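Welcome to a short tour of one protein chain. Have the sequence and the 3D view open side by side, and look up each residue as we reach it.

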Amino acid sequence: MKHAILIIAYHQADFIKQCIDNFDDDFLVFIHWDKRAELTEADRNMLVRHPRVRFLGKDYPVNWGSYGLVRVTLRLCREAMKHGDVKYFHLISDADMPTRNAACFKHFFQIHQGESFMEYGKYNSESGTFNEEHFQKMTLFHRTEKYNLRNPEEHRRYAAELEEQRKSDKRRPLPDIPVYGGPAWWSLTRECVTYLLEKEDYIEQVYTETLIPDEMFTQTLLMNSPFASTIVNKHLRYICWEQRNGNRPAVLDKSDFARVLRGDFFFARKVDPEGVSKSFVRLVDDICLHTPFIVDVEKDTWDSLLDKLHTFLYAKQDIYKVRGYQYGTIGTWIFLYLHGKLRHSPFNLPTYLKQTAEVWEEYLDTENSSDECGFLGMAACVEYLYQYMDCSLLDVALDEVNDYAYNYLCNVRPEDSDEKWSASFQTYFHFLERNGRLTEDDRKVLKTQEAKEPCTSSSWTFSHPGEVAERMNRVCSLGLSGYAGLGLVLLAKATSKEQTDWLPLLDLIPQP
């Protein structure tokens, strides 16, 4: 089964090539370059000579919000349809990048074969989603191929023309079918794309002078088609719909990385690879696009899976930009340290701890309580390691966390208590007590004797290697919520130490 990657582009040829390089021979790439945008001969040659590129057109100008985007989409679909072995079509732009490697990508669409992925919502007055703004997008004559709406002077002329239409009450009729809308980006089956192309005359008739038609025509046609029941209401793209980095949706930066890790996303947008997104792109490339993916599960044992995880995580041990215990290197270091102790392959964690003491102390600051690098879980990790090495250089930061935890538990109302936080506090005080660092005041407020329950980590219990391989194929987190946590489970199984003292660390992690 082959996939067609359809790219609407106007710049960033080098980045497009970088993205294409992440796909394998089961992917064919079709590119349309904005007719108005420069494409140097060198860039054109670089793209058309790529072994996966099958088409590079420069047929139409593309104004934002105009029918030109629909023309380009349909043009790319027609070109890709010439290849009969293509079963899935994925529409992206040059501001998108893949967030999963080719093996993971193919696995997902194989097990979801026959389903299309497109975000949609029905516009209607009863639900309040079809307001006057939506109404005017479709009933006024929007000559957006005549005007570039990003040009202030042209936008003024466009607005004046619309005002004249309102005054004269000059309107177009709405389509004679229910109207749907949503983001322009999707992953569709061959059957859905065939249906769209069969409706090309209707699409041109209805949407040529519609504002932002690319965010309506696909949803409206397909949700009124025989294929509506096969469409899943999500588009598998990570898009942050907030104003950030000078744009809405936000231009992504490294703060988006953890959310990309924990979601079912195969692309992310918008990306500025040489600007504010540079760190984000590097992290996605280093981790998401180069994670282990298990295909032949039958040949894997607990030991072979453990070796694969260890090899991968050892290579990622110094990606300091991902510092969380759930998603980053702190969880990874704990796995590598314990692997070294039990498998006689030493990992010099004391050196890493000393080198990064300032980083740890900064992120143990109680002002930062995020899930990705929350201070309480990180403090629990440090307290766990306290028995093995000298962590006294972090005593000041740990004392601050202890004061915070004590005050929190003294003042929180039972109805405001969060189950996840409660587990974190219990685990933190568990290791504090084991190190002889739990005070009588701590003991009283926590009611330790009542709280002592064996840690079962039932969500981390696997009966055969195939279950672990499936989990590996669903995540790409370095930390305890992903590969490092799986590594600890496999380490316990491979060394016959399934009742181990690190299980409370895994209980910190919320499971899907």
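## The largest pocket

Grid points are joined across faces, edges and corners, and a volume is the space filled by probe spheres set on the points.

This is a predicted model, in which local features need pLDDT of at least 70 and side-chain atom pairs count only at pLDDT 80 or more, whereas totals for chains, interfaces and linings use all residues. Residues are numbered from 1 along each chain as its sequence is written, and side-chain values use heavy atoms, with hydrogens and water left out.

How much space lies in the largest pocket? The answer is about 1,000 Å³. Its lining is made of 35 residues, and those nearest the centre are Y10, W64, R150, R269 and K270. Strands β1 (2-9) and β2 (27-33) each supply at least two residues of this lining; strands (E, at least two residues) and helices (H or I, at least four) are DSSP runs, numbered from the N terminus. Sorted by class, the lining holds 17 nonpolar, eight polar and 10 charged residues. Here Ala, Val, Leu, Ile, Met, Phe, Trp, Tyr, Cys and Pro count as nonpolar, Asp, Glu, Lys and Arg as charged, and the others, Gly among them, as polar.

## Closed spaces inside

Counting cavities of 30 Å³ or more gives four. The second largest cavity has a volume of about 60 Å³. It is lined by 13 residues, with R100, C104, T291, N473 and V475 closest to its centre. Helix α21 (residues 465-474) gives the most to this lining, with three residues. By class, the lining of the second largest cavity has eight nonpolar, three polar and two charged residues.

## The overall fold and its cores

Now step back to the whole chain. Its secondary structure comes to 23 helices and 12 strands. Of its 512 residues, 53% count as buried, where buried means under 20% relative accessible area, exposed over 50%, and partly exposed in between (1.4 Å probe, protein chains only). Contact means heavy atoms within 4.5 Å; of the contacts in the chain with a separation of 6 or more, 74% are between residues 24 or more positions apart.

In soluble globular proteins, nonpolar side chains tend to be buried together. A nonpolar core is a set of buried Ala, Val, Leu, Ile, Met, Phe, Trp, Tyr and Cys residues joined through side-chain atoms within 4.5 Å. The largest one here has 81 residues, and F280, Y428 and L505 have the most contacts inside it. Helix α16 (residues 375-385) gives the most to this core, with nine residues. Leaving aside residues up to four places away in sequence, L505 touches I334, A380, C381, Y384, T427, F431 and L480. A second, separate core has 44 residues, including L6, L188, C192 and L196.

## A glycine in a loop

Is G324 buried or exposed? G324 is buried, with a relative accessible area of 3%. You will find G324 in the loop between α12 (302-315) and α13 (329-343). G324 and L478 are 154 residues apart in sequence, and their C-alpha atoms are 9.3 Å apart in space.

## Salt bridges

Side chains of opposite charge can pair when their charged atoms come close. A salt bridge is a side-chain nitrogen of Lys or Arg within 4 Å of a carboxyl oxygen of Asp or Glu, and the structure holds 29 of them. One of them joins K17 and D21, whose closest N and O atoms are 3.0 Å apart. K17 is partly exposed at 28% relative accessibility, and D21 is partly exposed at 36%.

Another links E153 with R157, at 3.8 Å between the closest N and O atoms. Both lie in helix α6 (residues 152-168), four residues apart, about one turn of the helix. R437 and D395 also meet in a salt bridge (3.9 Å, N to O). R437 lies in the loop between α18 (419-434) and α19 (440-446) and D395 in helix α17 (residues 395-411), so this pair ties together parts that are 42 residues apart in sequence. Finally, E242, R244, D253, D256 and R259 are linked in a network of salt bridges.

Conventions: On a 1 Å grid over the protein atoms alone, a cavity is a set of points where a 1.4 Å probe fits but cannot get out, and a pocket is an open set with protein on both sides within 12 Å along at least five of seven lines; lining residues have an atom within 4 Å of a point.
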